[in-house]
Amino acid sequence: MKKPARAVTKAVWLVSMTAVSLLFAYPFLYSILGSLMLKADFGNMGTLLPIPQSVTFKNYGYVFSVDGGAAPLFNSLQRAAWYTLWTVAMSILCGYVLARYEFRGKKFFIFVIVAAQVVPSVLTLLPSYILVSRLPFLGGNNWMGQGGHGLINNKLMLFLPLGWGSLMWVFLFTQSMKSFPRAIEEAAEIDGCGFWRMMVRILLPLQGPIVAVIAINTALGNWNDWLTPFLYINNVADSTLTAWLATLTSNLQQFGDKDYPKVFALATMAVIPPFLIFLFFQKYIIQGIASAGVKG
Amino acid sequence: MSAIAKTASKAKRRPSARRRREVRRAYLVLLPFFIYIALWNLVPLLYGLYLGFTEYNALGSSPKWVGLANFQTFFSVPEYGALLWRQIWMGMLALLCNTVISFLLALALNVQSRVKGIFRTAIYVPNVSAVSATTAVFVALLNPLANQGLNKIITALGGTAVTWSYSQFWMVFWIVAYFVWQRVGPAAIIWLGGLQGIDPSLYEAAKVDGASFWQQVRYITIPGLKFIAMYILLTGIIGAMQMFDVVMFISKGNPFGLTDVLMYRIYRDGFINFNLGMAGAESLVLGVVTVLFALFYLWLQRRSEDE
């Protein structure tokens with residue numbers, strides 16, 4: 001009596017979840033297939049999915065060409081790698097100190113970390129831009145910050161800004177130190193291990209999982225952050241892939257000749273690295289949101 | 001365990017030289033990072049408080065203090081109020097749809113199955129993809145020509161082609177659809193974590209006492225998910241009140257500004273038209289409203305807990 005009912009439920013579940021998954025995957029399939037078409041074919045297709053009459057890799061040639069996507073692609077990789085290193089180092093160092101040392105003002109630092117998470121980013125978006133353009137002695141500015149354009153359009157803007165949202169990872173590391181046995185640190189100290197060696201040789205490997213959570217989420221977040229480079233850098237060769245795509249995508253709305261397959265090739269290229277990271281490390285990504293959810 | 005406790009208590013009686021070294025090291029490590037972050041965040045935050053009270057057109061010029069003039073403009077010109085209201089209702093609509101759909105997906109994924117991982121990947125991947133990359137597909141699908149995108153399918157099925165961007169309804173629909181498609185994954189995973197965190201023996205006990213399915217949902221599942229719901233909605237409010245990327249890429253505020261939102265206006269006033277003082281005032285209004293919404297939500301939550 002009960003068994004067929006359960007089988008029916010299971011079948012309904014399978015079918016509906018497959019439908020939902022296909023719906024979610026559809027834009028990706030569309031982008032991949034569209035990127036394999038010629039511009040002329042894309043305008044004339046008559047199907048639900050852009051199925052290419054003849055497969056072409058011309059658009060990917062453009063993605064990797066020197067005057068095409070090669071520079072922004074390389075910049076995107078560099079930027080994600082740089083912020084990952086920087087955030088991991090900051091999280092381990094500050095997180096360890098906040099978890100283990102006793103000093104005056106500790107509560108204040110923790111308060112800053114928590115308070116920073118609820119400040120809406122709209123409050124700093126435009127003021128940051130103005131201040132960057134007014135930095136003294138840079139980009140033709142005098143000591144008053146007048147006369148030039150500061151660091152606007154400077155490639156350094158890919159690497160310098162550090163939002164206070166990244167402090168969340170410091171907090172996460174501090175929390176994770178609570179379940180880390182002090183005996184390990186004590187033993188290392190008895191063997192003559194100094195502070196820096198302890199960070200690199202003991203904490204980095206033994207806190208591997210939490211470091212992976214921080215590294216992977218930071219890398220993804222920065223790869224997908226199109227807004228910062230889009231606002232500050234106006235030159236494709238100094239920009240990132242996702243920021244350049246923001247320009248291309250918003251131009252799709254305008255009148256005139258549009259090369260959808262080329263945009264799709266770049267978009268597919270921008271999605272592949274995060275997709276691969278997700279496939280291999282989804283455990284850490286999910287742990288990242290889960291721990292942020294519980295502790296934030 | 002006792003060994004750890006012993007070393008921990010020993011650690012409390014450290015010699016003071018060592019204690020002093022730790023204090024010094026703590027500041028040496030923390031201060032550079034915190035000062036650097038303050039330069040990039042706290043200084044702009046404070047500068048923003050000043051910016052909204054100035055007239056400042058073009059980056060090359062100097063800001064001129066005008067007091068409350070920008071805020072008077074904001075609250076006397078109806079257009080700004082409309083932009084703020086649209087930010088609120090479009091943002092909340094998107095957030096509501098996202099919260100409900102993510103909860104349903106979490107319920108659907110809260111089962112024992114070997115293929116569950118594939119479905120979870122499918123609903124999560126949009127979230128790890130850049131907004132600027134995936135909106136391009138939506139723009140292509142919403143091509144107004146009869147032989148392009150979704151219209152091709154509609155006309156093939158015998159319908160008439162829709163000029164999507166001429167209709168407020170359709171533009172809002174696609175903005176919300178994209179919002180949910182992009183953000184439902186993390187919310188569903190957080191819900192799922194909450195569902196799995198509820199002690200199964202509670203359900204067993206309820207069944208023994210003869211509780212119905214809905215009673216179980218009402219008295220076990222919903223109270224057990226309170227904190228999760230708070231997190232999803234609180235971060236959701238802050239995010240939805242600053243949503244403009246989806247609007248910028250999908251509708252550009254069309255038709256006739258009927259899907260335009262305040263955040264998009266801030267972007268245009270600030271970064272395109274360089275009406276910096278006014279954009280600063282708009283930012284302050286939106287920032288304060290966002291924080292008020294978050295606080296209001298926290299207050300509601302606190303009150304319902306007291307009952």
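**Chain A and its contact with chain B**

In this predicted model, 69 residues of chain A are in contact with 74 residues of chain B; contact requires C-beta atoms, placed from the backbone, within 7 Å. The elements of chain A that give two or more residues to this side are α1 (2–35), α4 (70–100), α5 (106–116), α6 (122–133), α8 (182–190), α10 (208–224), α12 (241–251) and α13 (260–295). The largest share, 14 residues, comes from α13(A). By class, the side of chain A that touches chain B has 51 nonpolar, 16 polar and two charged residues. Nonpolar covers Ala, Val, Leu, Ile, Met, Phe, Trp, Tyr, Cys and Pro; charged covers Asp, Glu, Lys and Arg; the others, Gly among them, are polar.

Chain A has 13 helices and zero strands. Helices (H or I, at least four residues) and strands (E, at least two) are DSSP runs, numbered from the N terminus.

The radius of gyration of chain A, taken over C-alpha atoms, is 24 Å, whereas a compact globule of 296 residues would have one near 19 Å. The globule rule is 2.2 Å times the number of residues to the power 0.38. The C-alpha trace of chain A spans about 80 × 70 × 35 Å along its principal axes. Of the 296 residues of chain A, 40% count as buried (20 or more other C-beta atoms within 10 Å of the residue's own, with C-beta atoms placed from the backbone). Among contacts in chain A between residues at least 6 apart in sequence, 62% join residues at least 24 apart.

Residues are numbered from 1 along each chain as its sequence is written, and chains are lettered from A and ligands numbered from 1 in the order in which they are written. Local features need pLDDT of at least 70 and side-chain atom pairs count only at pLDDT 80 or more, while totals for chains, interfaces and linings use all residues.

Methods
Contact = placed C-beta atoms within 7 Å. Buried ≥ 20, exposed ≤ 12 C-beta atoms within 10 Å, placed from the backbone.
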